[in-house]
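Subject: Structure for you to look over

Hello,

Here is the structure I promised to pass on. Please open it first, then read the notes below.

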There are 2 protein chains.
Amino acid sequence: MKATLIHGAGDVRVEEVPDPTLREPTDALVRVLRSCVCGSDLWPYAVMPASEEGNRIGHEFLGVVEDVGSDVSGLKAGDVVVAPFVWADNTCDFCVEGLQTSCRHGGFWGTPGVDGGQGEAVRVPQAQGTLVKLPVGEDSALLPSLLTLSDVFPTGHHCAVTAGVGPRTTVTVIGDGAVGLSAVLAAKRLGAERILLMGRHEDRTDLGREFGATDVIPERGEEGVERVRELTGGDGTHTVLECVGLEPALETAFAVARDGGVVSRVGVPQYALGPVGRDIFLRNISLTGGIAPARAYIEELLPDVLDGKVEPGRVFDRTVSLEEVPDGYRAMADRKALKVLIRP
Amino acid sequence: MKATLIHGAGDVRVEEVPDPTLREPTDALVRVLRSCVCGSDLWPYAVMPASEEGNRIGHEFLGVVEDVGSDVSGLKAGDVVVAPFVWADNTCDFCVEGLQTSCRHGGFWGTPGVDGGQGEAVRVPQAQGTLVKLPVGEDSALLPSLLTLSDVFPTGHHCAVTAGVGPRTTVTVIGDGAVGLSAVLAAKRLGAERILLMGRHEDRTDLGREFGATDVIPERGEEGVERVRELTGGDGTHTVLECVGLEPALETAFAVARDGGVVSRVGVPQYALGPVGRDIFLRNISLTGGIAPARAYIEELLPDVLDGKVEPGRVFDRTVSLEEVPDGYRAMADRKALKVLIRP
């Protein structure tokens, strides 16, 4: 079959790889219907040292079960399923607590011996715990929104949930990428009173407004902080959803948080140290969030996607074939696409 | 009257100062029955540049109301009262939310124009909001424990509460100072299943055991982390109460937190940047805590102190007169005393 490999910064290739087979009785084989490129794929795309061998890549996919191992129940060939971006047994103590990203028998797609999602098919470890069956056909118009359940929408949701967003909460979302916009949508869905979106790409912030942003702040840094403070009577917002992952974004996040508030982050930190000294201590600001246990949220978010109450799939603004995946990476890296959908 | 001033590192003096008077209708005058020295007083005692003028110091006191301004109701001369370590109106939006440390009309003791607590008397701004009446006489044997309501016990409690300590929670407390021991006591009071105390002063950790610590870890750094992990099946604890304020303590705190856990800190950070990068992100560890709004907790903690269910005053292991306050500072700085009680 064909699958995507990354061989270094700027070097993504679609290559012939061995067809996946069932290796463990807990495995399933899934033919991929839709996959996509994640903002986090752009980090290795920016900095990975050259590698002749390359790594399989892609961690968001939705597809059709082709075969299941002898220990897998509840799934059969023909089922349409979505996979969260971390596979997990969904039975260990961490999974039971809703932290499938720390599963005692789980792991990441594209690691050695594990397929990536940007290919024609995937061997799914811990399939019974990992996959969630979707009550739709292979040609459903909902596939893009359902695909977001693998990562970007639950990631925005995790950010809002860990921040404690609810009715009467004011929210600042930092970042107008697909995760930031998903965080807006998630905050709105949780009833947030007011959602300030910090972002400067008008086409993206326009979608942010449709997702529920009440205010858009294109300014950055100190200017952006001042603007948020102006809009909130000087106080900042109860919660701040940091959806970038860079240190200046975290600094801005703390600066626009109201005393006693919470900064939640879901952008993978590109920093080792952060500004968590005396200022936020004296203002009782908390820092929460982390890698989203998407699996924990899929059942909760699914009905609203099926009903069309939320349309997180609107973050996809370009669709490519598997062969065109390298173009998709380039478009996202050059900010010519917000998020690229892949139809293998 | 006499009051304590700090004139620089290692230079604390008890001097004659003007008697306090009512300045605002919201003021009260309180004659101090008991005060004490705080671990946080030791930071200026360690590093403050020399100052001829000096600053008033001390922020924990309990005393007798001598006079009240015309806007103060519910308090009268003769009442025994305790003051939290930040004064506040207790009516603004932050106060109503339980964040009196961010009160819109509050402030700190010992700032310019405001008395410190280590003196014979104090003018109390926002007295009606600040002071809490105590149903005891001037000679109550409970005064030491009641005095801890001004800071150290609610600070430990804040640490435990913001961390989410409850039944079935495992807790690591970092630091065997008065705040760490108070955090042990608070965690126990909140029903924590298991409390691991990291500290190496045996007389202090012995008191920690009496306060509820189930395990004592004298090792520090990596060795200490390994020990906590050994004791917790490799996982660490759900919550970590960081009661030191130094960067290595914060590092240890993250390292001994269980995935999905919470680190709460109440030691004033002596660092500007902390290790909040990818490791804790991938493990979904949160950082919370901050300066404790003691005022928010006094009514809740008071009954257990009055009943003798908790004896937080046991952290005092030396008593000095006002004149002896400089000796008290020295004893605490040299770790010859855990916490020094002052009887003016």
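How many nonpolar, polar and charged residues are in the lining of the largest cavity? The lining has 6 nonpolar, 2 polar and 1 charged residues. Keep in mind that this is a predicted model.

**The cavity**
A search of the whole structure finds 1 cavity of 30 Å³ or more. The space in the largest cavity is about 30 Å³. Its lining comes from chain A: Pro84(A), Phe85(A), Val86(A), Gln100(A), Thr101(A), Ala292(A), Pro293(A), Ala294(A) and Arg295(A).

**The two chains**

**A buried strand in chain A**
Look next at strand β11 of chain A, residues 170–174. Here 5 of the 5 residues are buried, so the strand is largely enclosed by the rest of the structure. In a regular strand, side chains alternate between the two faces of the sheet. Both faces of β11(A) are covered. Thr170(A), Thr172(A) and Ile174(A) are buried on one side. Val171(A) and Val173(A) are buried on the other. Strand β12 of chain A, residues 194–198, pairs with β11(A) in the parallel sense over 5 bridges. Within that pairing, Ile195(A) in β12(A) is the bridge partner of Val171(A).

**An open sheet in chain B**
Three strands of chain B form an open sheet in the order β2-β1-β4, and the pairing is antiparallel. Which are the edge strands? They are β2 (11–16) and β4 (55–56) of chain B, and each pairs on one side only. Strand β1 of chain B, residues 2–8, pairs with β4(B) over 2 bridges. Leu5(B) has Arg56(B) as its bridge partner in β4(B).

**A helix in chain A**
Last, helix α12 of chain A covers residues 325–333. Its buried residues are Val325(A), Pro326(A), Gly328(A), Tyr329(A), Ala331(A) and Met332(A). What do they pack against? In chain A, the partners are β1 (2–8), β2 (11–16), α1 (42–47), β17 (318–321) and β18 (340–343). Just after α12(A), Arg335(A) takes a positive phi of about 60 degrees.

Best wishes

Definitions and conventions
Residues numbered from 1 in each chain as written. Chains lettered and ligands numbered in written order. Predicted model: local features only at pLDDT ≥ 70, side-chain atom pairs only at ≥ 80, totals over all residues. Heavy atoms only, no water. 1 Å grid on protein atoms, 1.4 Å probe; cavity = no way out; pocket = protein on both sides within 12 Å on 5 of 7 lines; lining within 4 Å. Points joined across faces, edges and corners; volume = space filled by probe spheres on them. Nonpolar A, V, L, I, M, F, W, Y, C, P; charged D, E, K, R; others polar. Buried < 20%, exposed > 50% of the residue type's maximum accessible area, 1.4 Å probe, protein only. Helix = DSSP H or I, 4+ residues; strand = E, 2+ residues; numbered from the N terminus. Pairing = 2+ DSSP bridges. Contact = heavy atoms within 4.5 Å.
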